[in-house]
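Please consider the structure shown below. The report that follows treats its aromatic residues, its sheet, its helices and a few individual positions.

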Amino acid sequence: MSYYVYILASRKDGAIYVGVTNDLVRRVYEHRLKAVPGFTSKYNITRLVWFEVYDDPISAITREKELKKWKRAWKVHLIEKDNPGWSDLYDSICV
């Protein structure tokens, strides 16, 4: 089973959210539907802009906690390294 650390954004200069899941397609879909009340639904954070894949949950959770402590500028740099246009990657994972 794979585990994913991901970053969602409302827009390029908007709010961002870091999360972890074992089913990235389902979890991003839930964010898009605003199925769970909270930060992402309140601020309309639905665009998948970055993710990493891990083989075990401990590594994924450790990475998520690390990223949550990062300054915004560091997260922006991480996103823009692979996704300079902040494109929504959701369609690319729905295969």
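W74 is partly exposed, with a relative accessible area of 45%; here buried means under 20% relative accessible area, exposed over 50%, and partly exposed in between, with a 1.4 Å probe and protein chains only. The model is predicted, so that local features need pLDDT of at least 70 and side-chain atom pairs count only at pLDDT 80 or more, while totals for chains, interfaces and linings use all residues. Residues are numbered from 1 along each chain as its sequence is written, and side-chain values use heavy atoms, with hydrogens and water left out.

**Aromatic pairs**

The structure holds three aromatic pairs. Rings of Phe, Tyr and Trp (for Trp, the six-membered ring) pair if their centres lie within 6.5 Å; planes under 30 degrees apart count as stacked, over 60 as edge-to-face and the rest as tilted. One of the pairs is formed by F39 and Y43 and is tilted, with 5.0 Å from centre to centre and 50° between the planes. Another joins W70 to W74 in an edge-to-face arrangement, at 6.1 Å centre to centre and 80° between the planes. W70 is partly exposed, with a relative accessible area of 22%.

| Residue | Relative accessible area |
|---|---|
| Y43 | 41% |
| K34 | 37% |
| N44 | 43% |

**The sheet**

An open sheet of three strands has the order β2-β1-β3, and its pairing is antiparallel. Helices (H or I, at least four residues) and strands (E, at least two) are DSSP runs, numbered from the N terminus, and two strands pair if DSSP finds at least two bridges between them. β2 (16–21) and β3 (47–54) stand at the edges; each has a single partner strand, so one side of each is left without a neighbour in the sheet. On average, neighbouring strands of this sheet are turned by 20° against each other, direction ignored. Strands of a sheet pair through backbone hydrogen bonds, either parallel or antiparallel. Strand β1 (residues 3–9) pairs with β2 in the antiparallel sense over six bridges. Y4 has T21 in β2 as its bridge partner.

**Helices on the sheet**

Helix α1 lies across β1, β2 and β3 and runs at about 25° to β1. Helix α4 also packs on the sheet, where it touches β1, β2 and β3, and its direction makes about 85° with that of β3. For these angles, axes are lines fitted to C-alpha atoms, for helices over the stretch in contact, and angles run from 0 to 180 degrees between N-to-C directions. Contact means heavy atoms within 4.5 Å.

Which residues are buried in α4? They are K75, V76, L78 and I79. Seen down the axis of α4, the buried residues fall within an arc of 160°, so they line one face of the helix; the arc is that of the directions from the helix axis to the C-beta atoms. The cover over these buried residues includes β1, β2, β3 and α3 (57–69). On the other side of α4, A73, H77 and K81 are exposed.

V28 has its place in helix α1 (residues 24–33). V28 is buried, with a relative accessible area of 0%. Neighbours within four places in sequence aside, V28 is in contact with L8, T46, L48 and Y90. V28 and I7 are 21 residues apart in sequence, and their C-alpha atoms are 9.9 Å apart in space.

N83 lies in the loop between α4 (72–82) and α5 (90–93). N83 is buried as well, with a relative accessible area of 6%. The side chain of N83 reaches the backbone oxygen of V49 at 3.0 Å. Such a polar contact is a pair of N or O atoms within 3.5 Å; within protein, one must be able to donate a hydrogen and the other to accept it, and residues adjacent in sequence count only if both atoms are side-chain atoms. Not counting residues up to four places away in sequence, N83 touches V49 and L89.

**Positive phi values**

Most residues other than glycine have a negative phi, and most peptide bonds are trans. K34, a residue other than glycine, has a positive phi near 60°. K34 is placed in the loop between α1 and α2 (39–42). N44 is not a glycine either, yet its phi is positive at about 55°. N44 is found in the loop between α2 and β3.
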